[in-house]
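Look over the sequence and the predicted model below before reading on.

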Amino acid sequence: MMHGSNLRGRQAFLNTLSPEARAAFTRLGTRRCYAVGDVLIHEGDHGHELVVLHEGLVKVTARLDRDRVSLMDIRVAGDVVGEMSAMGVGPRSATVTSCGGVSATVVPHNELEPFLLAHPEALLAVNRMLCGRLRRADRRRLELGGYPVPVRLARVLVELAESYGEPTSAFREPDWNKIRIDVNLSQSEFAALTASTKHTVHKALAQLRKDEIITTGCRRTFIRDMARLREAAQLSVPTA
């Protein structure tokens, strides 16, 4: 299943390409499979390969100091990882680890660069992706300083739901007010995404459950009322 492509969330990179460009792009590189816990990219390495995800889920983490690691992002099928180094911008800035079975293509720099030069559409898509990720990073930094933890947590849940969630069905139509998030995150990882503590996140999640906005179990989250979650996140509610 291709995640990260619903109309309300950000699109996975491959879904931004035309069918022709996507087909050509997926012919590059070498296909590889990874088991849960395998590291696709090591922080600090000087490799310049781009990794294209076809199936599965990975976590992007960066070391804060000798003992602490922060969860930076989540990437799913259709996304790419390692794009900064693949474009020749310094060593790897983060570690990418598989969260289950992952199928990916590793594209070396000497294949990627000629392809992008020959396919302006794909080069433009890469630039748009990089700009989008920079905007998200800037927005998250502002939110961390400007909102209390419950609001930051609600915003993280909204982003996960809109980017990676699957709506329930109501009379055979998708119900975007009730969404299952298939990204499995621990309370420690939610704490990392919100720059808070596990204890504080535990209390914030408990309040959202008490308010019947979400339910949790087996490291999965189900949004019972997306409109109320957006209110808790201090975000406007989409009209349609």
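The model is predicted, so local features are reported at pLDDT of at least 70 and side-chain atom pairs at pLDDT 80 or more, while totals for chains, interfaces and linings use all residues. Residues are numbered from 1 along each chain as its sequence is written, and side-chain values use heavy atoms, without hydrogens and water.

**Pocket and cavities**

On a 1 Å grid over the protein atoms alone, a cavity is a set of points where a 1.4 Å probe fits but cannot get out; a pocket is an open set with protein on both sides within 12 Å along at least five of seven lines; lining residues have an atom within 4 Å of a point. Points are joined across faces, edges and corners, and a volume is the space filled by probe spheres set on them. Helices (H or I, at least four residues) and strands (E, at least two) are DSSP runs numbered from the N terminus.

The largest pocket holds about 840 Å³ of space. It is lined by 30 residues, and Val60, Met72, Arg75, Ser93 and Ala137 are the closest to its centre. At least two lining residues come from each of strand S4 (57-63), strand S5 (69-76), helix H2 (83-86), helix H4 (120-146) and helix H6 (187-194). H4 has the largest share, eight residues.

Two cavities reach 30 Å³ or more. In the largest cavity, eleven residues form the lining, with Asp73, Arg136, Arg140, Glu159 and Leu160 nearest its centre. S5, H4 and H5 each give two or more residues to this lining, and H5 gives the most, four. The second largest cavity is lined by Leu50, Val80, Glu83, Met87, Leu112, Leu116, Val126 and Met129; helix H3 (109-118) and H4 each supply at least two of its lining residues.

The table gives volumes and lining classes, where Ala, Val, Leu, Ile, Met, Phe, Trp, Tyr, Cys and Pro count as nonpolar, Asp, Glu, Lys and Arg as charged, and the others, Gly among them, as polar.

| Space | Volume | Lining residues by class |
|---|---|---|
| Largest pocket | about 840 Å³ | 18 nonpolar, four polar, eight charged |
| Largest cavity | about 80 Å³ | six nonpolar, no polar, five charged |
| Second largest cavity | about 40 Å³ | seven nonpolar, no polar, one charged |

**Helix H7**

Helix H7 (residues 198-210) has 13 residues, which at 1.5 Å a residue should span 18 Å; its end C-alpha atoms are 18 Å apart, in agreement. The expected span is 1.5 Å times one less than the number of residues. Buried means under 20% relative accessible area, exposed over 50%, and partly exposed in between (1.4 Å probe, protein chains only).

Which residues of H7 are buried? They are Val201, Ala204, Leu205 and Leu208. Viewed down the axis of H7, these fall within an arc of 100 degrees and so line one face of the helix; the arc is that of the directions from the helix axis to the C-beta atoms. His199, Lys203 and Lys210 are exposed on the other side of H7. The cover over the buried residues, by contact (heavy atoms within 4.5 Å), includes helix H5 (149-164), H6, strand S11 (214-217) and helix H8 (226-232).

**Positive phi angles**

Most residues other than glycine have a negative phi. Glu212 has a positive phi, near 60 degrees, and is found in the loop between H7 and S11. Glu212 is partly exposed, at 48% relative accessible area. Gln234 also has a positive phi, near 60 degrees; Gln234 lies in the segment after H8.
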